[in-house]
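Subject: Structure handover and notes

Dear colleague,

Please find below the structure that I promised to pass on, with its sequence. My notes on what turned up in it follow directly after.

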Amino acid sequence: MSRMIPSARSVLFAGAAFGALGALPAWAQEAPADTTATAAAQDDGEITVTARRREESLIDVPISMSVVSGDTLVKTGAVDITALQDKTPNLTLQIARGSNSTLIGFSRGVGQQDPLWGFEPGVALYIDDVYVARPQGAVLDIFDVERVEVLRGPQGTLYGRNTIGGAIKYVTKRLGHDFEARARASYGSYNQVDLIGEVTVPVGDMLSIGGAVAKYWRDGFGTNLTTGAEHYNKDVLATRLSAEFTPADNMFFRVSGDRVLDKSNPRHGTRLLPNGADPRYLPTESVYDTRAGIGDDNRVETRGLSVTGEIGLSDTLTFKTITAWRDGRTDTLIDFDNTELPTLDVPAFYEDRQFTQELQLLYQGERLQGVLGLYYLNGRAAGAFDTVVGLANLTTLTSGEVYTKSYAAFGDLSFDLTEQLKISAGLRYTKDDKTGTVFRRNYTGIRSPLFGNAAAVPGLIRSDYTNSRTFEKATPRVSISYEPRQDLNFYASYGKGFKSGGFDMRGDAILTPTTVDGYEPEVIDSYEVGMKSAFLDHKLFVNLAGFYSDYKDQQVTIQVPALPNGIASFVDNAGKAVIYGFELETRMVPSRHFQASVAVGYTNADYKEFFTYIGGGTTPVDVSDQRSFQNTPEWTANASATWSEDLAGGTIAFTPSVALRSDTQMFEFATPALDQDGYALVDAALNWTSGSGRYRVGVAARNLTDARYRVGGYNFPGALTGNSVIGYYGPPRTVTGTLEVRF
């Protein structure tokens with residue numbers, strides 16, 4: 001059973017008892033007048049979303065989802081979209097191990113921790129309806145964003161790329177036809193400096209041009225004790241340009257481009273266990289310090305361009321096209337042993353590019369609504385890395401690429417049988433063609449020629465193959481909803497999710513000859529019942545959802561030491577699992593000067609079958625009783641309240657909040673040195689906004705109790721690997737002051 005630390009349990013009980021705290025992201029945390037109409041609560045408390053490809057009230061959508069406005073994230077001091085983890089039940093959203101900007105997402109137990117090229121995320125990220133295939137560079141900073149929608153469960157009948165675990169929609173602001181400009185400057189702990197500027201310039205009555213630029217600096221939370229460099233620092237430049245053309249009332253076109261350059265130093269983590277008495281292998285005093293000797297060079301660049309067009313064919317029919325291109329390059333270093341020696345070092349690079357085309361036909365009739373769509377993706381993901389085992393003077397080079405062509409047709413229709421009873425049905429057909437190439441070779445020496453050691457002596461070729469496979473699946477979705485009165489909706493739904501198989505880019509054909517055949521798709525059958533409601537003249541909102549899922553053939557990456565060959569990797573399709581739980585989200589608005597909310601999530605994820613090869617055996621063994629779901633706390637909860645008063649010609653608002661997570665396992669097998677006990681994060685924000693809304697001054701404090709909590713780790717025990725058990729930690733306590741001006 002999951003344990004929750006005493007302080008966290010006490011806060012949770014107190015919040016439940018008083019019912020006055022909450023952090024339900026489906027509604028704004030500030031007074032309604034501060035929010036945009038489509039992002040959060042309007043004057044009557046109603047929320048408009050586009051989860052089903054059309055604007056509708058959140059209460060009417062038979063999907064468990066949460067919504068957070070961009071203003072809410074900014075005012076509470078959120079650094080990037082991983083802050084959604086603290087505001088959304090049953091969600092894990094973190095920066096990947098050893099990374100500054102690689103995103104790892106899990107929802108209701110479904111996700112993908114391995115960011116290596118070739119693997120696909122289980123929780124999909126969309127930027128303005130454009131699917132982001134790779135997790136590198138996907139830790140998006142909070143600027144030029146109207147809202148973020150978090151959809152739980154399979155969403156393949158509604159979205160371009162099949163999303164087995166859910167979808168995160170990052171929705172930027174439409175420019176409109178009025179001049180608007182905004183500047184924001186922040187200074188905070190560890191010499192944090194954020195500078196953000198946004199502008200919209202109308203050019204005539206039909207064209208608007210807009211741009212946003214954001215620069216983020218911050219010293220490290222710790223230090224590399226070997227090189228003296230900052231550790232856990234930040235150095236990011238992000239830009240976004242767009243143009244919107246509206247030649248007629250029934251036509252809208254948008255061209256948008258973005259670029260993110262992250263030159264923050266690599267995160268090497270910190271050693272958790274010693275390796276004998278050698279002082280070079282001892283844990284550091286601060287969890288944010290490291291003794292890594294591999295170097296401090298890290299560079300991540302991602303770019304994207306999209307063209308969106310909407311044409312109203314009639315009063316009820318709209319045609320929409322979304323054409324997009326994205327690419328990225330990552331050069332990074334990971335020091336697994338955290339010492340000045342190359343005991344277990346991994347220099348690496350990743351490359352990716354994708355082209356997507358989506359066509360939609362949207363119908364909005366009096367009783368029938370829906371979307372029909374076609375989707376195409378052409379992508380390439382590639383990379384290489386060295387696994388340097390310095391004590392053996394051995395390096396294994398791993399390189400490869402995977403080409404993906406994905407074709408899909410999908411549709412989702414809703415029909416109002418009566419004013420109270422509605423049904424919805426959808427179907428998606430997906431076909432993925434994948435070609436994978438994997439090359440692994442041993443070298444004698446420290447690093448291979450590809451990473452700078454021309455004198456390295458080539459040795460045994462461990463993998464050298466190219467293979468192709470096709471994966472296809474039809475996935476349905478159905479739902480029924482009953483609204484006995486306005487603002488009260490009961491619903492039940494079923495959906496099937498699918499994520500195609502592929503090839504293990506680390507696969508060793510000598511240790512695991514079957515790796516050349518690739519791994520199989522994973523499939524989930526998800527059942528959900530829920531209620532969405534508003535009571536007391538929109539002073540109390542309650543959303544409740546219960547879910548049950550049959551999860552089959554989950555793709556699990558296993559990495560183990562394989563001496564003297566370094567590290568062996570293989571991908572298991574983990575058999576069968578059952579996942580069930582619930583989400584409860586509530587908000588109270590008793591007056592314009594006070595509102596509060598609470599959200600609780602529960603997930604019980606249990607393997608029923610988990611066959612794998614152990615101990616060098618050739619027959620798979622069921623180890624389901626020894627495995628648990630990774631990155632899936634049993635309990636999550638968050639709570640906040642906002643008090644506001646008129647002050648000095650404006651409004652001052654104070655928002656304390658708390659987020660709780662019970663025990664989390666880093667991998668499917670228990671690792672006591674790495675697994676994270678339950679913890680609580682306490683935040684607070686104070687904002688003054690002028691009556692005109694032109695000026696805002698704010699102070700945001702995050703992790704007020706200065707908790708230390710692991711968000712990732714690696715586990716490579718043993719003498720030759722330097723007993724390399726290392727952890728990565730979330731940010732310490734920080735305080736940030738902000739000045740914002742709108743023109």
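Is Leu-417 buried, partly exposed or exposed? With a relative accessibility of 35%, Leu-417 counts as partly exposed, where buried means under 20% relative accessible area, exposed means over 50% and partly exposed covers the range in between (1.4 Å probe, protein chains only).

Before going further, please note that this is a predicted model, in which local features need pLDDT of at least 70 and side-chain atom pairs count only at pLDDT 80 or more, while totals for chains, interfaces and linings use all residues. Residues are numbered from 1 along each chain as its sequence is written, and side-chain values use heavy atoms, with hydrogens and water left out.

The nonpolar patch

Leu-417 belongs to a nonpolar surface patch of about 790 Å², whose other members include Leu-313, Leu-361, Tyr-363, Phe-415 and Ile-480. At least two residues of the patch are supplied by each of β21 (345-364), β22 (368-389) and β23 (394-416), whereas Leu-417 itself sits in the loop between β23 and β24 (421-444). Strands here are DSSP runs of E with at least two residues, and helices are runs of H or I with at least four, numbered from the N terminus.

Salt bridges

Across the whole structure, a search finds 46 salt bridges, each defined as a side-chain nitrogen of Lys or Arg within 4 Å of a carboxyl oxygen of Asp or Glu. One of them joins the side chains of Lys-320 and Asp-129, at 3.2 Å from N to O. Because Lys-320 lies in strand β20 (residues 317-335) and Asp-129 in the loop between β7 (123-127) and β8 (130-132), this pair ties together parts that are 191 residues apart in sequence. Lys-320 is buried at a relative accessible area of 13%, and Asp-129 is buried as well, at 15%.

A further salt bridge connects Arg-152 with Glu-583 at 3.4 Å, N to O, and it links distant parts of the chain, with Arg-152 in strand β9 (residues 147-152) and Glu-583 in strand β31 (residues 576-591), 431 residues apart. Arg-152 is buried, with a relative accessible area of 2%, and Glu-583 counts as buried at 1%.

By contrast, the salt bridge between Asp-706 and Arg-708 (2.9 Å, N to O) involves two partly exposed residues, Asp-706 at 25% relative accessibility and Arg-708 at 39%. Elsewhere, salt bridges that share partners join Asp-129, Glu-146, Arg-147, Glu-149, Lys-169, Arg-174, Glu-310 and Lys-320 into one network.

Aromatic contacts

Tyr-288 lies in the loop between β18 (270-271) and β19 (299-312) and Tyr-729 in strand β40 (residues 724-729), 441 residues apart. Tyr-288 counts as buried at 2% relative accessibility, and Tyr-729 counts as buried at 7%. Both rings belong to one aromatic cluster, together with Tyr-190, Phe-221 and Tyr-232.

Backbone points to check

Most residues other than glycine have a negative phi. Asp-487, however, has a positive phi near 70°; this residue lies in the loop between β25 (457-485) and β26 (488-499) and is buried, with a relative accessible area of 17%. Asp-553 also has a positive phi, near 60°, and is found in the loop between β28 (540-552) and β29 (555-561), where it is partly exposed at 32%.

Methods: Patches are made of residues with over 30% relative accessible area and no salt bridge: like charges are joined within 9 Å, nonpolar side chains (Val, Leu, Ile, Met, Phe, Trp, Tyr) within 5 Å. Accessible areas come from the Shrake-Rupley method with a 1.4 Å probe; for residues, only the protein chains shown count as cover. Rings of Phe, Tyr and Trp (its six-membered ring) pair if their centres lie within 6.5 Å; planes under 30 degrees apart count as stacked, over 60 as edge-to-face and the rest as tilted.
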